[in-house]
Amino acid sequence: SLKLKNMQTILQSFQFIIADESFIVYNPSTKTLNQREEQEKIRARFVVELLKKPNVKEEDIRLDMELPNCDILDSVGLVLYKNDLPFLVADFLPQETSLMDSKAKITKKAELLQASHVVLFLGRQKSVFRLKKVEK
């Protein structure tokens, strides 16, 4: 288990890595963050929150995962695996995004991955729900 000090280091490193991969620009002179960077900070905090849980390891978390056999649903922001199977799906969207549309899209993504839990961030607003199991 990681100590709190190490968690803070991970959070800082995680944000830096995302910034590099996403080509996000931070202007220190005006201290303004663009919308994408704010979403990445929320995602980084959520990852740290997950890593504080005793049964979650770094290798259980996948970021920006492309969905298999899917043309229109693009990727999912975060997938948490439990026992090598998708357990939780999370997306991080701007606050002005429609809750109904976003919930429908992430539900389809979770169903496609057969994950049972969903977390949806619209800005800082967090919605958590569990999917009902469908008998096949």
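# Pocket, cores and buried side chains

Analyst: Helix α3 provides the largest share of the lining of the second largest pocket, with five residues. The model is a predicted one, in which local features need pLDDT of at least 70 and side-chain atom pairs count only at pLDDT 80 or more, while totals for chains, interfaces and linings use all residues. Residues are numbered from 1 along each chain as its sequence is written, and side-chain values use heavy atoms, leaving out hydrogens and water.

User: Happy to start there! What makes this a pocket, and what does its volume stand for?

Analyst: On a 1 Å grid over the protein atoms alone, a pocket is an open set of points with protein on both sides within 12 Å along at least five of seven lines, whereas a cavity is a set where a 1.4 Å probe fits but cannot get out. Grid points are joined across faces, edges and corners, and the volume is the space filled by probe spheres set on them. For the second largest pocket that comes to about 280 Å³. It has 18 lining residues, and S75, D91, F92, L93 and K109 are the closest to its centre. A residue counts as lining if it has an atom within 4 Å of a point.

User: Which elements give two or more residues to that lining?

Analyst: They are α2 (35–51), β2 (75–82), β3 (85–93) and α3 (99–113). These labels follow DSSP runs numbered from the N terminus: H or I for helices, at least four residues, and E for strands, at least two. In all, the chain has three helices and five strands, in the order α-α-β-β-β-α-β-β.

User: How do the lining residues divide into nonpolar, polar and charged?

Analyst: Four are nonpolar, five polar and nine charged. The nonpolar set is Ala, Val, Leu, Ile, Met, Phe, Trp, Tyr, Cys and Pro, the charged set is Asp, Glu, Lys and Arg, and the others, Gly among them, are polar.

User: Why is Q39 called buried?

Analyst: Buried means under 20% relative accessible area, exposed means over 50%, and partly exposed lies in between, with a 1.4 Å probe and protein chains only. Q39 has 9%, so it is buried. This residue sits in helix α2, and its side chain reaches the backbone oxygen of F92 at 2.7 Å. Beyond residues up to four places away in sequence, Q39 touches F92, L93 and P94; contact here means heavy atoms within 4.5 Å.

User: What makes a set of residues a nonpolar core?

Analyst: The members are buried Ala, Val, Leu, Ile, Met, Phe, Trp, Tyr and Cys residues joined through side-chain atoms within 4.5 Å. The largest such core has 15 residues, and V76, V89 and L113 have the most contacts inside it. Elements giving two or more residues to this core are β2, α3 and β4 (117–122). Apart from it lies another core of 14 residues, including V47, L50, I61 and L80. In soluble globular proteins, nonpolar side chains tend to be buried together.

User: Are L85, N83 and D64 buried, partly exposed or exposed?

Analyst: L85, in strand β3, has 55%, so it is exposed. N83, in the loop between β2 and β3, is exposed because it has 70%. D64, in strand β1 (residues 61–66), has 37%, so it is partly exposed. Neither is a glycine, yet D64 has a positive phi of about 45° and N83 one of about 55°.

Note on methods
Polar contact = N/O pair within 3.5 Å; in protein donor to acceptor, adjacent residues only side chain to side chain.
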